[in-house]
Amino acid sequence: MLPFTPIVRALPPTVPFVPPEALERQQGQPLALRVGANESNFGISPRARQAMVEAVDQVHWYNDPEGYELRSALAVRHGVAREEVALGAGIDELLGLLVRLFAEPGDAVVTSLGAYPTFNYHVEGHGAVLHKVPYRADREDLPALLAKARQVRPKLLYVANPDNPMGTYQRADELRDFIAELPPGCVLLLDEAYIDFAPADAHLPLDMERAEVVRLRTFSKAHGMAGARIGYALAHCSLVAALDKVRNHFGVNRIAQAGALASLGDDEFVREVVRQVDQGRREYAMLAAELGLKTVPSATNFVALDVGSGERARCLMQVLLQHGVFVRMPGVAPLDRCIRLTVGPAAERQAFAKVLRDVLPQLNEDE
Ligand SMILES: Cc1ncc(COP(=O)(O)O)c(C=O)c1O
């Protein structure tokens, strides 16, 4: 027996997600539609592509560990100092580092029941104790999160706005009131992976004076760069400096940095993706209505398609997979009455609609 730490010995042998590649290996064939991981099937900006291709020619050099150019551009974009921007290999990596900065074994951490599992994975990996607050009406329940925070005095509180897996959002004024009430000693991780797709009233203005609030953003969603693994935190300079003590300095690769910088300069591309996603969300709502189902109103690049019960959703997910369609679903009730479907380009939406129209009668018959 290897001398693993007690924390590692106690961890379950799980990964946060079964990847679509593993499903393809299990099925022995490629997926026809990959609409389960909230990736952007619109691809990347042509400018990002060009920059990434050019960066390949320099890939024999280490990347700039300070990420100077990209952090400078992000600072200008958000009206903050470069010292208030930290890069990471996606929000996922930053979440792990943030947990490491603040949570010791046994410390309390608060999140929502059914919320983004990668955060939980990091918390458990550091031996901290998760307290999970149920959603209310398909939204993260800010008053209940606050009550829990007052009760358990967590080091960290996690909120995604908009959230995954339901795609709902909190208004900026609700968040502002929530932040004002946070108990002392609690750092709020505000995960804004999907903020580009959200309506104007979801956008909480930045307030860098509030050192206890960390904003997390990514190039994985609207910018379409999930496989490049690049995201960032907007946070107080003392927190960014602390991240420098623990981060993997060469972890955000040269090609990703170049692509993100170019994508940041292509607002038109991102606006067009957001426009098409909005169109697609409306189409999926109509498709659901046509089939006697509902979608949860979404502020993200995916929709939660409500099929009535967890059992039905699991069944539909399996049937879709048999037809080569990869979707995911929330892990806990009552959210698990939905399947979660990424909104992609028009041709993909039509292809999904066709499969759903074909398989739904079969699902109804099986009941
Ligand atoms: C709420 C939320 N946060 C973070 C991520 C991951 O972001 P990244 O690709 O930047 O690690 C996801 C991806 O699905 C997400 O849903």
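Predicted model: local features only at pLDDT ≥ 70, side-chain atom pairs only at ≥ 80, totals over all residues.
Reader: How are helices α3 and α10 oriented to each other, roughly parallel or roughly antiparallel?

Author: Two packed helices are described by the angle between their axes and the distance between the axes. Here the axes of α3 (residues 46-56) and α10 (residues 254-264) come within 8 Å and cross at roughly 150 degrees. Angles over 145 degrees count as roughly antiparallel. Therefore the orientation of α3 to α10 is roughly antiparallel.

Reader: How many residues of the contact of α3 with α10 are nonpolar?

Author: Residues of α3, including A48, M52 and V56, meet residues of α10, among them I255, A258 and L261. The residues of this contact include three polar and three charged ones, and the number of nonpolar residues is nine.

Reader: Which strands stand at the edges of the open sheet?

Author: Seven strands form the open sheet, with mixed pairing, in the order β2-β8-β7-β6-β5-β3-β4. An edge strand here has a single partner strand, so one side of it is left without a neighbour in the sheet. The strands in this position are β2 (85-88) and β4 (129-133).

Reader: Which residue in β5 is the bridge partner of V109?

Author: Strands of a sheet pair through backbone hydrogen bonds, either parallel or antiparallel. Strand β3 (residues 108-112) and strand β5 (residues 156-160) pair in the parallel sense over two bridges. In β5, the bridge partner of V109 is L156.

Reader: At what angle does helix α7 run to β3?

Author: Helix α7 comprises residues 142-152 and lies across β3, β4 and β5. Its angle to β3 is about 170 degrees.

Definitions and conventions:
Residues numbered from 1 in each chain as written. Axes fitted to C-alpha atoms, helices over the stretch in contact; angles between N-to-C directions. Helix = DSSP H or I, 4+ residues; strand = E, 2+ residues; numbered from the N terminus. Parallel < 35°, antiparallel > 145°, perpendicular 65-115°, else oblique. Contact = placed C-beta atoms within 7 Å. Nonpolar A, V, L, I, M, F, W, Y, C, P; charged D, E, K, R; others polar. Pairing = 2+ DSSP bridges.
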